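Take a first look at the chain below.

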Amino acid sequence: MVTVGIGLPGKSFADVRASAEAAAPYAFDSFSVYGDLYDLPPYGVLPAAADALRGTPVQHIGPLGVPVGLLHPEVIAAHALALEEQLPKQSSIGLVRGAFLESIGERPASLSRLEGTIAYIRQRFGGETPPIYIGGFGPKILALAGHLAVTGIKLGGSTNPDLAVHAAAAIHNPQVEIVLGAVSVIDKDRKAARMLARSEVAKYLAVVGELDPTLQGDELESLRKFRARFKMGDQYAGDAISDALLDKFALAGTADDALATLAQMDGKASRFEFGTPHGLGTRPEAIRYIGETIVNELGGNR
């Protein structure tokens, strides 16, 4: 069965700490902090999680990901070394080109810059480097992941096992793990969970929807209608997202719904990261609920 992790934005030290404390009792495989625009930098807030997660079953703790276009490789390597010192054998490194940089007048990192950064980090560690993940959908970055033999690639904003299969073919290296991750709303109230997910996924779907080449028929038509309304500034554009399309870009519903979706990923993705907002209540409450109803259930089935 696919393993599961938690992904969250760096909203504050307090939020990251409380989330880490909520995750600590459960066998999550990862605890990742995004590097999205206007969130706090991942390496700035990850120390808030260190004390809570040190020595726990959580084996991959780190950013997913650091925008390479904003930072010199030495700065990234220094932060990675510091986190590894705090979390020996538990830290990980996640890098992205930084597609959002264009919105603030900067350019995403080139593939050569990304490749050079990975080489520099490996050199700085000198020996055993923590697991390195890169984020992206495009064929060139997927091929690069295979060429560099990184630990894995994250397809952020997707729950689609067909996309994982497509990515594996482009990576052409079976040693590279495929990590899916997306907006997640898990709650006993299925209707409310899916309603919130439609609203939350809209801003991501407007960006990543067209990057999934596996969508077909009614899914493409739903995406077209959604994008048209979203571009017009319609605050209810999410209403145009069909159930089928929602289920390709978000994990929303009951714990049983989530377990069924995770079963479909088995053998196609190595890990799924439950993304923000996680549930209908507070983030720590949602993480504990996922831990009790999903992580513990998966542990019992392994």
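Where does Gly65 lie? Gly65 sits in the loop between β3 (60-63) and β4 (66-67). Keep in mind that this is a predicted model. The peptide bond from Leu64 to Gly65 is cis, and its omega is near 5 degrees. Most peptide bonds are trans, and most residues other than glycine have a negative phi.

Now step from the loop into the strands. β4 pairs with β5 in the parallel sense, over two bridges. In this pairing, Val66 stands opposite Leu95 in β5. Strand β5 (residues 93-96) is covered on both faces. Ile93 and Leu95 are buried on one side, and Gly94 and Val96 are buried on the other.

Leu95 leads us on to the nonpolar core. The largest nonpolar core has 90 residues. Leu95 is among those that touch the most other members, along with Phe28, Phe31, Phe274 and Ile294. Which helix gives the most to this core? It is α8, with seven residues.

The peptide bond from Thr276 to Pro277 is cis, with omega near 10 degrees. Pro277 is found in strand β10 (residues 271-278). The phi of His278 is near 80 degrees, a positive value in a residue other than glycine. Is His278 buried or exposed? His278 has a relative accessible area of 0%, so it is buried.

Ala149 also has a positive phi, near 55 degrees, and it is not a glycine. The setting of Ala149 is the loop between α6 (139-148) and β7 (152-156). Ala149 counts as partly exposed because its relative accessibility is 45%.

Helix α9 (residues 217-231) has 15 residues. From its first C-alpha to its last, α9 reaches 21 Å, close to the 21 Å expected at 1.5 Å a residue. Which residues of α9 are buried? They are Glu219, Ser222, Leu223, Phe226 and Arg227. Seen down the axis of α9, the buried residues fall within an arc of 135 degrees, so they line one face of the helix. Look at the spacing with a general rule in mind. An α-helix has 3.6 residues a turn, so residues three or four places apart point the same way. What covers the buried residues of α9 includes α8 and α10 (243-249). On the other side of α9, Gly217 and Asp218 are exposed. After α9 comes Gly233, with a positive phi near 80 degrees.

Arg283 forms one of them with Asp15, where the closest N and O atoms are 3.1 Å apart. Arg283 lies in helix α12 (residues 283-301) and Asp15 in helix α1 (residues 13-23), so this pair ties together parts that are 268 residues apart in sequence. Both Arg283 and Asp15 are buried.

Arg190 pairs with Asp257, and their closest N and O atoms are 2.7 Å apart. Arg190 is in helix α8 (residues 190-208) and Asp257 is in helix α11 (residues 255-265), so the bridge ties together parts that are 67 residues apart in sequence. Arg190 counts as partly exposed because its relative accessibility is 40%. Asp257 is partly exposed too, at 24% relative accessibility.

Asp234 forms a salt bridge with Arg229, with the closest N and O atoms 2.8 Å apart. Asp234 is partly exposed, with a relative accessible area of 26%. Arg229 is partly exposed as well, with a relative accessible area of 30%. Finally, salt bridges that share partners join Asp29, Lys154, Arg271 and Glu273 into one network.

Methods: Residues are numbered from 1 along each chain as its sequence is written. This is a predicted model: local features need pLDDT of at least 70, side-chain atom pairs count only at pLDDT 80 or more; totals for chains, interfaces and linings use all residues. Side-chain values use heavy atoms; hydrogens and water are left out. A salt bridge is a side-chain nitrogen of Lys or Arg within 4 Å of a carboxyl oxygen of Asp or Glu. Helices (H or I, at least four residues) and strands (E, at least two) are DSSP runs, numbered from the N terminus. Buried means under 20% relative accessible area, exposed over 50%, partly exposed in between (1.4 Å probe, protein chains only). The expected span of a helix is 1.5 Å times one less than its number of residues. The arc is that of the directions from the helix axis to the C-beta atoms. Contact means heavy atoms within 4.5 Å. A nonpolar core is a set of buried Ala, Val, Leu, Ile, Met, Phe, Trp, Tyr and Cys residues joined through side-chain atoms within 4.5 Å. Two strands pair if DSSP finds at least two bridges between them.
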